[in-house]
Amino acid sequence: MTETTLLIGTRKGALVARRPRPGAAWELGPLELPMSEVYGTGIDARGATPRLFAAADSPHWGPTLFHSDDLGRTWAEPGEAPVAFPKETGTTLIRIWQIQAAAESAPGVVYAGVEPHALFRSEDGGVTFSLVEGLYNHPHRSEWVPGNGGACLHTVVPHPTDPERVLVALSAGGVYRTSDGGATWEAANRGIQSYWMPEDQRFPEFGQCVHKVASHPSFPDRLYAQNHFGVYRSENYGTSWEPIESGLPSTFGFPMVVHPQEPETIYIFPLKADSHRFPATGRCEVYRSQDGGKSWTALHRGLPEGDYRAAVLRDAMCTDGGEPAGIYFGTRAGEVYGSPDGGDHFEKIAEHLPDVLSVRAVQLN
Amino acid sequence: MTATLVLPTALREAAGGLPELEIAEGTVRSALDLLAGTMPLLERRVRDEQGRVRPHIRLYLGSSDIEDLQGLDTMVAAGSRLYVIPAVSGG
């Protein structure tokens with residue numbers, strides 16, 4: 001019997017929803033970590049028991065990272081700060097944006113992408129982390145600038161088979177990748193446009209505002225990216241990118257999700273523009289491509305009818321990795337929707353929550 | 001002789017539910033350094049990893065903001081009370 005666990009990070013805490021078996025009603029648990037902004041949620045499903053992560057920060061009390069080994073019933077926080085900049089950097093952690101377990105090829109390794117721009121790596125399953133100094137000391141660093149959300153490293157894409165290779169995205173610095181375990185990093189933005197720059201400077205080596213990058217484990221060199229205006233695909237692990245925007249109502253948005261079984265099936269939530277961060281068509285619609293971005297279809301069965309004004313943030317859409325695949329997203333209106341069939345139909349899982357910042361899900365047998 | 005660290009409600013869970021803690025006389029910095037060893041969860045909600053008091057917090061020694069005294073080098077005398085005061089902010 002397959003149980004699904006959905007971890008929801010909001011602006012004022014985290015919740016766990018459970019569906020005990022396919023077709024059953026969702027059971028929404030209590031709000032945990034109240035008054036914490038939970039931008040980063042993660043699920044490490046490599047072990048016998050999944051480990052849930054909630055990166056919680058408070059304007060008053062600072063950022064920290066909780067983990068749960070009982071599917072969110074209880075949360076633990078190490079005594080020593082799990083993610084902290086070394087003294088010699090003089091830098092203070094502002095927020096943990098991304099918690100991402102590495103692939104099976106790197107057991108125990110978990111990455112944290114943070115603000116200000118930096119990557120941390122854990123080798124003990126996400127309890128304690130160390131700064132990846134190769135990226136922190138990158139010569140481009142002084143030229144990275146904050147996006148609207150801050151100077152954040154918000155995306156970590158570990159290579160599914162080669163533990164030495166990791167790709168990250170930061171706003172606004174663009175995509176970077178390492179092939180030597182983090183010692184050295186190269187920008188990987190060729191073909192991604194910075195539309196706001198003068199015409200002769202729109203394809204810089206770095207500085208793009210990439211909002212999310214996603215990959216499929218079966219095709220690790222294939223990447224999909226949702227940019228600050230622009231939707232892209234790479235067939236060479238970021239060496240070059242091609243736009244996949246034909247048929248979209250807008251190229252602006254935040255999330256990018258790949259179907260767990262279908263490497264050509266991807267999901268986004270287009271917004272009208274950076275100056276108008278509302279659903280691109282005025283409706284609550286997920287856009288799905290089933291041919292790697294050549295064409296797109298609006299999905300709205302089961303979603304609210306009529307005008308809809310809430311956006312979906314970069315980590316507020318996910319799959320559960322199962323088969324058939326569940327697709328989930330949360331909105332800034334505090335609603336969470338899920339589809340048990342890859343997006344053909346959606347159902348409301350939760351409403352009246354604080355605005356949703358992140359969701360992660362897993363199917364358990 | 002000791003002084004008293006007075007905690008806001010939101011920090012009491014990190015202090016084992018206590019509203020007040022005894023701290024040794026000395027500077028504010030030395031008191032917080034000691035706290036980092038005994039109650040690290042509490043200490044890092046007050047100071048960041050660089051030892052700076054978090055920006056939405058003020059520490060008052062009696063009725064005075066330590067920033068108007070000698071900052072973290074302010075001496076905490078025996079019998080005095082050091083208050084952790086969060087900003088009235090948020091929504």
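Me: Which residue stands opposite Val157(A) in S12(A)?
Reply: Strands of a sheet pair through backbone hydrogen bonds, either parallel or antiparallel. In this predicted model, Val157(A) faces Leu167(A) of S12(A). Strands here are DSSP runs of E, at least two residues long, and helices are runs of H or I, at least four, numbered from the N terminus. This is a predicted model, where local features need pLDDT of at least 70 and side-chain atom pairs count only at pLDDT 80 or more, while totals for chains, interfaces and linings use all residues. Residues are numbered from 1 along each chain as its sequence is written, with chains lettered from A and ligands numbered from 1 in the order in which they are written.

Me: How many bridges join S11(A) to S12 of chain A?
Reply: Two strands pair if DSSP finds at least two bridges between them. S11(A) and S12 (residues 166-171) are joined by six bridges and run antiparallel.

Me: Is S11 of chain A mostly covered or uncovered?
Reply: A residue is buried with 20 or more other C-beta atoms within 10 Å of its own, exposed with 12 or fewer, and partly exposed in between, the C-beta atoms being placed from the backbone. By that count, seven of the seven residues in S11 (residues 152-158) are buried, and the strand is mostly covered.

Me: What is the strand order in the open sheet of four strands?
Reply: The order is S7-S8-S9-S10 in chain A, with antiparallel pairing. S7 (95-101) and S10 (130-131) are the edge strands, each pairing on one side only. Six bridges link S7(A) to S8 (residues 110-115), and Ile96(A) stands opposite Val114(A) there.

Me: Which residues have the most contacts inside the largest nonpolar core?
Reply: In soluble globular proteins, nonpolar side chains tend to be buried together. A nonpolar core is a set of buried Ala, Val, Leu, Ile, Met, Phe, Trp, Tyr and Cys residues joined through C-beta atoms within 7 Å. The largest one has 104 residues, and those with the most contacts inside it include Val83(A), Phe120(A) and Tyr328(A). Apart from that core lies another of 17 residues, Leu7(B) and Ile23(B) among them.

Me: What is Val83(A) in contact with, leaving aside neighbours within four places in sequence?
Reply: Two residues are in contact if their C-beta atoms, placed from the backbone, lie within 7 Å. The partners of Val83(A) include Leu65(A), Ile96(A), Val114(A) and Phe120(A).

Me: How many residues of chain A are in contact with chain B?
Reply: 14 residues of chain A are in contact with 15 residues of chain B.
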